[in-house]
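This report covers the domain layout of a protein model and a few local backbone features. The structure comes first, then the notes.

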Amino acid sequence: MLPEPLRPLSDLARNLRWSWHAETRDLFQAVDPEHWAEVKGDPVRLLGSVRSERLAELAEDRRFLHRLAEVTDDLNDYVTGDRWYQAQPGELPAAVAYFSPEFGIAAALPQYSGGLGILAGDHLKAASDLGVPLIGVGLLYRHGYFRQSLSRDGWQQEHYPVLDPNELPVVPLREADGSPADVALALPGGKRLRARIWLAQVGRVPLLLLDSDVEENDLGERGVTDRLYGGGSEHRLLQEMLLGIGGVRAVRTYCRLTGHAAPEVFHTNEGHAGFLGLERIAELCAEGLDFDPALESVRAGTVFTTHTPVPAGIDRFDRELVARHFGPDAELPRIDVGRVLQLGMETYPGGEPNLFNMAVMGLRLAQRANGVSLLHGRVSREMFSGLWPGFDPEEVPITSVTNGVHAPTWVAPEVFRLGARQIGAQRTEDAMTVGASDRWDAVGDIPDQDIWELRRSLREQLVTEVRERLRASWRQRGAGTAELGWVDQVLDPDVLTIGFARRVPSYKRLTLMLRDRDRLMDMLLHPERPIQIVVAGKAHPADDGGKRLVQELVRFADDPRVRHRIVFLPDYGMAMAQKLYPGCDIWLNNPLRPLEACGTSGMKAALNGCLNLSVLDGWWDEWFQPDFGWSIPTADGAGTDPDRRDDIEAVALYDLLEQRVAPRFYERGGQGLPDRWIEMVRQTLTLLGPKVLAGRMVREYVERLYTPAAHAHRAIGPDPARDLAAWKSRVRAAWHGVTVDHVETTTATASAELGATLGLRVRVALGDLSPDDVEVQAVSGRVDEEDRIADASTVPLKSAGGPDEEGRWLYEGPLSLDRTGPYGYTVRILPAHRLLASGAELGLVAVPSEDAVEGAGVLMR
């Protein structure tokens, strides 16, 4: 028990804002600096083990109590005061529920495996900084993700330490009578899966974590939340049912107990949480809606984000397994199992008809969807185009919001202090959290000497950190202290330092740098321009191929000739990353393009003045400029075999390092400083810094996805939902009768010229539909080599009377020839309704047959 004057320390420890708020961490460090280092900066563990004599001493220390009051007041202002969101005009969502299978908030709450979890954590933190009323929903894994060590011969070893929630920065959500709040799912055979709700407070944002390790469950059910991404198919299905269905129930419980506004928008971060839509349909069915109107209502308020550029990255289940877990004898008994299965079945060319696809369900249950970079948006539209037959991939209704990173978490305190010295602490904090400016021009006023001294200081800190971690790793591998004297010579704070750290699936190509070992060795040992490399990463426990890559790199780094210049650090996680990004001069990323959906590690490095050296993939494809770093050319032509491609791209990497990167780092100007390098650091911070912020990302979600989804949710109440569902059913049934029967153009001149305007006249048959049900469009644009319209623009045509004796309707409108080069047009008919988010939503389109067109097609060459 803490003495009464120190009681606020407990509240500070239980709000994870300490993980990105330096003053709070400094306060905890002052409690017991030595012990703070031993517990690796974890306030909950610190308070649970600090000596009572020390606490008594602090309870009498007026200076400490004054600091405690200041930090407590600051947190209170942060949690209750108005922020960016509260100052926005218009009717924003009352609340948003954000579901993810993993969350990387802090090393003290190890509930993440990689980029998806870190991104989710940064999303919550940025939402908190901006005042967005978000509720996070996830699972509490008793073993988290595995801890990684190495065997003597460099093979990855996995360890799964058991986490005790009572030692984590979480508290049980409690009912009014003090009993723990829980949720339950029905399982086949009359069994039940119960889960307790734990609450982690992430600044202003509550994060609800479901934990099945409770006494009421049988042994099998207790293990459902044992570990992240573990177990077989049924285990994963149960995790995802608990996350989606149990998660919605947890949100309802939390709102009931706390008075928090009910979410108007549900954001599904990847397909794992897709079942949340089914639970919300079941809620509306219980209130008297039929399935189809309930589906329309749920879709209106749902946002789905896909994070994978490859079908293999999506969870898919056998349809029989899914069928067994739904229906009268299991979960959601009032919903027909056939309707559940329809949502996830791959009913498109090339799909597997017996597999239930979680991303496909996520897209069918969401009216708004996005990828996580511009390039990934394009890849996603291609990948899922089968769900919208008849539309070109560019018209598939999947947009993109490029990921960002939470600067207060990832920016080194020294970098923050340099900014604060320039423009003040509050303005620096605002710039990093809200991210509302396009440029950080104040960076231009920082003297070159200060930037270079900062970079060297961060590199020096990294060298110290690497030596400590390397020594610990070798001890785990069985080395004695006497063997490890060489570790004191590992890395040099004046040598160009390259970082490479991420998960180790094969497409990220951990070992591309080893393609020509002799050439790499020459660069590591160059007498005038040496490089040094710090590598970290975990292979999935079931991925022996990934483990072989780790072993290959470790064995190279063990070579006594180069081990002072290249190191592999096991157990990559948030704590390591926070030291690694700032200390590197170059962040290396060489995935197979376009398999990196976004890739945010290079963003975190950039915020610390580290330059990127990367394949043009993910976010780098979008924002690369020579001012910020270098692009590795890709050999991604269709005819290039994988081995040849790796050879070509490795040579390009070596050439860049030898001829461009290293010379620029070591080149000195008049003041003895690398002027051109420092200018690149300055440009990275000035121009790239504001772009890569999670604050920018969350503002985009609010403005482009959450707010439109909330408005759609309000517009589609029970009666509009019934009307929309009935209208969709009627349109689908009648669409076979919709045709474009005749298209002709009129023009005052004999030939089509730039700047001319054509008149279009179109006759269409609508069958059982009326003009109110459709939009007839002229589609025009540049024509590619295969006579397909690219960069198309669409103009609606107006009904000009009808129907004629044959029941056909006449549509007319102008078509402006406003572009040079090959130019063409066509006409099409789409379903139209005021509650559709996109004309492609139903996947229905009617276009003219070739004999229906007079003079259509290519107009100018």
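Which domains does the domain assignment of the protein give? The assignment gives domain 1 (4-80), domain 2 (90-404 + 709-715), domain 3 (410-692) and domain 4 (734-855); such bounds come from an automatic or database domain assignment. The centres of domain 1 and domain 3, taken over C-alpha atoms, are separated by 34 Å.

This is a predicted model, in which local features need pLDDT of at least 70, side-chain atom pairs count only at pLDDT 80 or more, and totals for chains, interfaces and linings use all residues. Residues are numbered from 1 along each chain as its sequence is written, and side-chain values use heavy atoms, with hydrogens and water left out.

The peptide bond from Arg593 to Pro594 is cis, and its omega is near 5°. Pro594 sits in the loop between strand S20 (586-589) and helix H23 (601-606). Helices (H or I, at least four residues) and strands (E, at least two) are DSSP runs, numbered from the N terminus.

Leu491 is not a glycine, yet has a positive phi of about 65°. Asp571, also not a glycine, has a positive phi of about 65°.

| Residue | Phi | Loop between |
|---|---|---|
| Leu491 | about 65° | helix H19 (448-476) and strand S17 (496-501) |
| Asp571 | about 65° | strand S19 (566-569) and helix H22 (574-583) |

Are these residues buried or exposed? Leu491 counts as buried because its relative accessibility is 3%. Asp571 is buried too, with a relative accessible area of 16%. Buried means under 20% relative accessible area, exposed over 50%, and partly exposed in between (1.4 Å probe, protein chains only).
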